[in-house]
Amino acid sequence: MPALIRENRNFRLMMSGAGLANLSDGIGVLAFPWLATLITTDPRALAIVAFATRIPWFLWSLPVGVLTDRADRQKMMVRADLARMALAMAVVALILTGPTGAEGTQAVWMIAGLSALAFLMGTAEVFRDNAAQTALPSVVDKDRLEEANGQIWSVEQVMGQFVGPPLAGFLIAVAVPAPFVFEAVGFALAAWAVWAIAFPVRTIVSEREGFWREMRAGWDWLRQHKVILQLALILGGLNAAHMAGFTVLVLYSQEVLGLGAVGYGLLLTAGAAGGVAGGLICPTLARRFGSERSLWIALALMPIPFLGLYLFSSIPLAVAMLFLETFVAVLWNVVTVSYRQRVIPDALLGRVNSIYRFFGWGMMPIGALAGGWIMAVAEPSMGREDALRLVFLIGAGAFVALFAYGVARLRLPRA
């Protein structure tokens, strides 16, 4: 057992809560789009569901940041997980009241209902994740943040992608509502784990000066630390390109690779394996190459997975590409998140993190919509499979452009 886990009870509980919540998230990663494909195979409808899941990061990141600095972060995480438990059960109710394979108006209403629940689930995720990332430095010493973040990401990848998606595939094979019931149980257990953490009393709490003045304080700090703003903007581009490809990945697995729900779940475990490897290896890589060069390496490798998916139709190659994609994403995250947690003052951490995620994660719904609509627009002239592959080619081009920008402009001062 790693020393940090053995020695720090609060970190054990936080990591357990993160693992349980990400197990439920991983189930949802497969179950939501797969349920959408049972309703319709229109890529625009799938894009709308993916958009609804991610648009809360654009809408709520900024106000949630202010609330995170004002509020009890522990209670915020617990309440968010309990809300997601209730929403997962609401998806079960939607399935039981509306049959799959719907057509016409019925299909439109089912997609609308699923999108609404995905939106609310994503809203709760904004509260939970911003509070969790902001709270970590209060239970782990700053000189061990890379180690802590690496271990948490390893657990999140194991539970969220290695265990969750294939489990969802098997559960769907049993009964369509089953994964959402399991998801609800996972969120309930995550809430209990966070509730059991003994957080230290915060000695520096943001004074209430009015919402906009408090948000302005976070923005003013970020403007004075332009490298963090630069990282946020690069992350926005990376996430937009990733979501464009991920939105159509479910169709790629069905129509190009010929996989069912179980096979698609197992395919997603390749990404989890890359995340686990990244969580264990990337802190060492970051120390060896330095933070700045590690980010350049990550950016250089990011186009390769999408190019592989564009060029080939091989299940083993798709496994390797998803492994590599998640590995380099974890390398990027280990460096950038640890840097932010070390540099940003605790009293401003929630607000600055929220502004960072507004730029970095707020582009994800745009990418999700773009992926579905690019395919839908190109399909009449290119054919369905070529239109699907086009999304990956455009995403790879975006990654190449971000790599060129990063090498030319990204310079990371020593924290």
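**Close-up views of a predicted model**

**View 1. Phenylalanine 127 sits in helix α5.** With a relative accessible area of 26%, phenylalanine 127 comes out as partly exposed. Which residues does phenylalanine 127 contact, leaving aside its neighbours within four places in sequence? The partners are Val64, Leu67, Met76 and Ala80.

**View 2. Isoleucine 111 is another residue of helix α5, which covers residues 104-135.** Is isoleucine 111 buried or exposed? Its relative accessible area is 8%, and buried means under 20%, so isoleucine 111 counts as buried. Once residues up to four places away in sequence are set aside, isoleucine 111 touches Ala36, Ile39, Thr40, Ala45 and Val49. Take isoleucine 39 from that list: it is 72 residues from isoleucine 111 along the chain, yet their C-alpha atoms are separated by 7.4 Å.

**View 3. Threonine 37 belongs to helix α2.** Here the relative accessible area is 10%, so threonine 37 is buried. What does the side chain of threonine 37 make a polar contact with? The partner is the side chain of glutamine 254, at 3.5 Å. Gln254 also turns up in the contact list of threonine 37, together with Leu46 and Val250, when neighbours within four places in sequence are left out.

**View 4. Helix α2 (residues 9-39) packs against helix α10 (residues 261-289).** The angle between these two helices is about 140°, and their axes are 11 Å apart. Roughly antiparallel would need an angle over 145 degrees, so α2 is oblique to α10. The crossing of α2 and α10 is right-handed. On the α2 side the contact is made by Val29, Leu30 and Trp34, while α10 brings in Ala261, Tyr264, Gly265 and Leu268. Sorted by class, that makes six nonpolar residues and one polar residue, with no charged ones, in the contact of α2 with α10.

**View 5. Helix α2 also packs against helix α4 (residues 73-97).** For this pair the angle is about 25°, with 12 Å between the axes. Angles under 35 degrees count as roughly parallel, and α2 and α4 are therefore roughly parallel to each other. What is the handedness of the crossing of α2 and α4, left-handed or right-handed? The crossing is left-handed. From α2, look for Met14, Ala21, Asp25, Phe32 and Leu35; from α4, look for Met77, Asp81, Arg84, Val91 and Ile95. The class count for the contact of α2 with α4 is seven nonpolar, no polar and three charged residues.

**View 6. Helix α8 (residues 211-224) crosses helix α14 (residues 346-360) at roughly 70°.** The two axes come within 9 Å. Roughly perpendicular runs from 65 to 115 degrees, so α8 and α14 get that label. The α8 side of the contact has Glu214, Met215, Ala217, Gly218, Trp219, Trp221 and Leu222. These meet Leu348, Arg351, Val352, Ser354, Ile355 and Phe359 in α14. How many residues of each class are in the contact of α8 with α14? They divide into nine nonpolar, two polar and two charged.

**View 7. Glycine 210 lies in the loop between α7 (178-195) and α8.** Its relative accessible area is 32%, which puts glycine 210 in the partly exposed class.

**View 8. Serine 294 has its place in helix α11, residues 291-301.** Relative accessibility is 1% for serine 294, so it counts as buried. What is serine 294 in contact with, leaving aside its neighbours within four places in sequence? The list is Leu285, Ala286, Phe289, Leu331 and Val335.

Notes. Residues numbered from 1 in each chain as written. Predicted model: local features only at pLDDT ≥ 70, side-chain atom pairs only at ≥ 80, totals over all residues. Heavy atoms only, no water. Axes fitted to C-alpha atoms, helices over the stretch in contact; angles between N-to-C directions. Helix = DSSP H or I, 4+ residues; strand = E, 2+ residues; numbered from the N terminus. Left-handed = near helix turned anticlockwise from the far one by under 90°. Contact = heavy atoms within 4.5 Å. Nonpolar A, V, L, I, M, F, W, Y, C, P; charged D, E, K, R; others polar. Buried < 20%, exposed > 50% of the residue type's maximum accessible area, 1.4 Å probe, protein only. Polar contact = N/O pair within 3.5 Å; in protein donor to acceptor, adjacent residues only side chain to side chain.
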